[in-house]
Amino acid sequence: MKKNRIIIFSVISLSLIGIIMIYSSSHIWAEFKYNNPYKYLINQGIFFIVGIFLMLITSKIDYRIYKKKSNLIILVCFILLTLVLIPGIGTVRNGSRSWFGIGGFGIQPSELAKIGLIIFVSKYLEKNNKYKKQTNKFLLPIMVFIILFFLLILLQPDFGTGMVIVISLIGLLFISGSKLGIFIKLGIVGILGIVGLIVIAPYRLKRITSYLNPWSDPLGSGFQIIQSLYAIGPGGLLGFGLGNSRQKHFYLPEPQTDFIFSILAEEFGFLGCAVVISLFIILFITSIKIALETTDLFGKYLVFGLSFMLIFQTCLNLMVVTGIIPVTGVTLPFLSYGGSSLLVSMIEVGIILNVNKNNK
């Protein structure tokens, strides 16, 4: 059970760092907007406690139950993704109808769909393992299914979450042992599809132009990435110290969410970033080791899929805040403010812990 302890240590450490950074980055904005500097700190503290509770519960539930209930789980995810698009049911936040509002909190069904799709695709891969060299019989049916869910998420619109899901699932299909040629074709189709999605949506095109040259629109589409780099650059080796960020003073918009790593870099410098990235690497390597050692095929795919989901989301966020890729609106797991993201990430970890425990 050593690997389980390593994972739990990494997750709790990242989450506690996240809580500290959420307060540091948000208290000025929270006091201005809600007259309560502890607004985001209290909410994330509640999410953290509930998340730990859910992680412990899911670590006790036999993961094979999910295989039996996979059709029901994916049906519920499909219904929720459809309902959230209906005005009056789904709540619009930051231009996306991605939420169910419950009091002051919100539930994001696309986050739940991450787990549902991993479970469903893992069962599909195990059940159809003998057909993995037959492209038409093996990959095409599940790709149609994945694209359907991607389109539902795109309608919200939530391109970032949709990309995390698609890339993770394609990674899962790749390690199943399918023919390499099909992934080259999928890559070409994917690139053409992304180009098409960018062309038909002006705001995505603005993100591309601001990515190529943020200074072409420094007060508009390039504003976020410029302010993010202004936070990361001056941080140096040790940063300005906890609470001493300049960019959180209404320069970097809502720094407690997607760009929390920028504030971390500004306040704790290169060494602080190195600690956080090291914790992520420890978590990811340990999870992949569990997947490689798992003898049950469904369990193996399940851990690989959940690990890929966390890995790709983390990489995507870090590449955005450092200006490597255009802004996508993807949170940093365990650190960014948000209940749906943290709770789903905790559940994913709980399932990984259970797979490891049941395969000893």
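**Figure 1. Contact of helices H2 and H13.** The axes of H2 and H13 come within 7 Å and cross at roughly 25 degrees; axes are lines fitted to C-alpha atoms, for helices over the stretch in contact, with angles running from 0 to 180 degrees between N-to-C directions. H2 and H13 are therefore roughly parallel, the term for angles under 35 degrees, while over 145 counts as roughly antiparallel, 65 to 115 as roughly perpendicular and the rest as oblique. The model is predicted, so that local features need pLDDT of at least 70 and side-chain atom pairs count only at pLDDT 80 or more, whereas totals for chains, interfaces and linings use all residues. Residues are numbered from 1 along each chain as its sequence is written, and side-chain values use heavy atoms, without hydrogens and water. Helices (H or I, at least four residues) and strands (E, at least two) are DSSP runs numbered from the N terminus. The crossing of H2 and H13 is right-handed; this means that the near helix is turned clockwise from the far one by less than a right angle, and left-handed that it is turned anticlockwise. Contact (heavy atoms within 4.5 Å) involves, among others, Phe47, Phe48, Met55 and Thr58 in H2 and Leu342, Met346, Ile351 and Asn354 in H13. By class, this contact has 13 nonpolar, seven polar and two charged residues. Ala, Val, Leu, Ile, Met, Phe, Trp, Tyr, Cys and Pro count as nonpolar, Asp, Glu, Lys and Arg as charged, and the others, including Gly, as polar.

**Figure 2. Helix H2 and its buried residues.** Helix H2 covers residues 39-60, and its 22 residues should span 32 Å at 1.5 Å a residue, in agreement with the 32 Å between its end C-alpha atoms. The expected span is 1.5 Å times one less than the number of residues. Among the buried residues of H2 are Tyr40, Asn43, Gly45, Ile52 and Ser59. Buried denotes under 20% relative accessible area, exposed over 50%, and partly exposed the range in between (1.4 Å probe, protein chains only).

**Figure 3. Surroundings of Ile351.** Ile351 is found in helix H13 (residues 339-358) and is buried at 2% relative accessibility. Beyond its neighbours within four places in sequence, Ile351 is in contact with Thr58, Tyr66, Ile115, Leu302 and Leu306. The C-alpha atoms of Ile351 and Ile61 are 7.9 Å apart in space, although the two residues are 290 apart in sequence.

**Figure 4. Contact of helices H11 and H12.** Helix H11 (residues 260-293) and helix H12 (residues 297-321) have axes that come within 10 Å and cross at roughly 165 degrees. That makes H11 roughly antiparallel to H12, with a left-handed crossing. The contact includes Phe280, Phe284 and Ile288 of H11 and Phe304, Phe308 and Ile311 of H12. Its residues divide into 15 nonpolar, four polar and one charged.

Figure 5. Gln108, in the loop between strand S3 (105-107) and helix H5 (109-127), is buried with a relative accessible area of 10%. Not counting residues up to four places away in sequence, Gln108 touches Ser98, Trp99, Asp158 and Ser340. Pro157 occupies the loop between helix H6 (135-154) and helix H7 (159-175), and the peptide bond from Gln156 to Pro157 is cis, with omega near -10 degrees.

Figure 6. Asn35, which is not a glycine, has a positive phi of about 60 degrees. Asn35 lies in the loop between helix H1 (2-34) and H2 and is exposed, with a relative accessible area of 67%. Phe250 has a phi near 70 degrees and lies in the loop between helix H10 (223-232) and H11. Phe250 is partly exposed, at 46% relative accessible area.
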